[in-house]
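Visitor: Please show me the model, and let us then discuss it by question and answer.

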Amino acid sequence: MTDMIKTKKPAGKSGKTRIVLVILALLILAGIGLSFTTPNLEDFENAVPDSFKELEAVRATVPTYHNYGFISDYVMTKKVSSVSAERISMLGFAGQIIRTDGSTLLTFTVNCLNWFPNLIRGAGTTIALTLVSVLVGIFLSVFLALGKMSQIPVVRPFCRAYIFFFRGTPLLMQLFFVWFGLPLINPALTLQSKFTAACIAFSLNCGAYCAEYVRAAIESIDKGQFEAARALGFGYGRTMFKIIIPQTYKRVIPSFANEFIMVLKDASLTSIIAMEDLSKATQNILTSTNQVSVYIPAMALYLLMTWACTKLFGALEEKFSIYQ
């Protein structure tokens with residue numbers, strides 16, 4: 001009977017997976033092939049027009065060159081006066097060097113390739129901050145949730161006050177307090193790393209929100225399980241950590257996924273204290289180039305990160321679903 005009611009995976013699912021893997025393999029092979037024909041820095045320098053080389057400039061930027069294997073770019077700017085500048089940008093692809101002047105699409109492509117390293121470094125900082133903050137916040141949330149539900153006179157009011165404070169005040173103010181306020185209270189509390197300050201503020205805030213998710217998940221467990229555990233001689237702590245909490249993680253995955261994405265986007269607040277996250281990297285590029293289009297690849301990276309997180313937590317939710 002059990003074998004009869006087992007659900008089968010859709011027949012086309014494995015076929016689609018094979019198609020995706022074949023396409024990825026072909027793209028990788030094509031990229032490897034193109035990497036042998038990508039123009040190098042010397043090729044770009046030889047392709048710079050003599051008129052640009054001979055141009056007298058008040059100030060010239062150091063040429064930027066990036067080789068991404070299958071595609072490369074070269075950008076240089078010469079400031080000829082206080083109000084005008086000459087810029088040359090070239091794209092290298094399939095053994096060809098393409099001048100991008102006069103083409104909006106090609107110029108935007110070169111700009112994106114030129115900004116990519118800084119944006120990726122900023123995105124890495126954003127992801128690291130999110131991971132640390134959420135993991136520490138989840139760890140704190142278990143004890144905060146249990147403390148709020150406990151009957152211990154000191155613990156319960158403290159946990160309730162903690163959750164009320166960090167959920168009721170803006171995260172930006174909490175970040176300001178950790179970075180700017182603590183040194184004024186005591187110089188010994190000064191934090192040398194902006195990343196550390198951001199992790200502390202975000203972790204404390206995340207712990208308060210996740211505590212409510214954990215508390216709601218614990219309270220959703222049938223009370224009969226508590227009574228059964230007592231009948232078996234289990235104490236409160238053993239009941240929680242051996243029976244109740246192992247069941248709650250299945251119920252809090254969607255809430256934790258939402259919190260992860262919220263922290264990922266709220267990480268842009270750290271640009272206020274000049275931490276080099278994705279938002280700050282975007283602002284720096286905008287200031288130095290005056291190119292508003294930098295927001296397009298920056299937002300695309302945010303979308304890519306949130307999409308990846310959604311897919312990851314969706315897979316976890318499906319794997320640990322309480323209905324399976």
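Visitor: Is Ser133 buried or exposed?
Guide: In this predicted model, local features need pLDDT of at least 70, side-chain atom pairs count only at pLDDT 80 or more, and totals for chains, interfaces and linings use all residues. Residues are numbered from 1 along each chain as its sequence is written, and side-chain values use heavy atoms, with hydrogens and water left out. Ser133 lies in helix H5; helices (H or I, at least four residues) and strands (E, at least two) are DSSP runs, numbered from the N terminus. Buried means under 20% relative accessible area, exposed over 50% and partly exposed in between (1.4 Å probe, protein chains only); at a relative accessible area of 0%, Ser133 is therefore buried.

Visitor: Which residues is Ser133 in contact with, leaving aside its neighbours within four places in sequence?
Guide: Contact means heavy atoms within 4.5 Å. On that basis, the partners of Ser133 are Cys199, Phe202, Ser203, Cys206 and Val263.

Visitor: At which residue does H10 bend?
Guide: The 31 residues of H10 (236-266) have end C-alpha atoms only 37 Å apart, short of the 45 Å that a straight helix would reach; the expected span is 1.5 Å times one less than the number of residues. The bend at a residue is the angle between axes fitted to the seven residues ending there and the seven starting there. A proline, Pro254, follows within four residues of the bend, which is about 50 degrees and falls at Val252.

Visitor: Why is strand E3 largely enclosed by the rest of the structure?
Guide: Strand E3 spans residues 71-79 and has nine residues. It is largely enclosed because the number of its residues that are buried is seven.

Visitor: How many bridges pair E3 with strand E4?
Guide: Two strands pair if DSSP finds at least two bridges between them. E3 and E4 form a hairpin with five residues between them, and Asp73 stands opposite Leu91 in E4. The pairing of E3 with E4 (residues 85-93) is antiparallel, and its bridges number nine.
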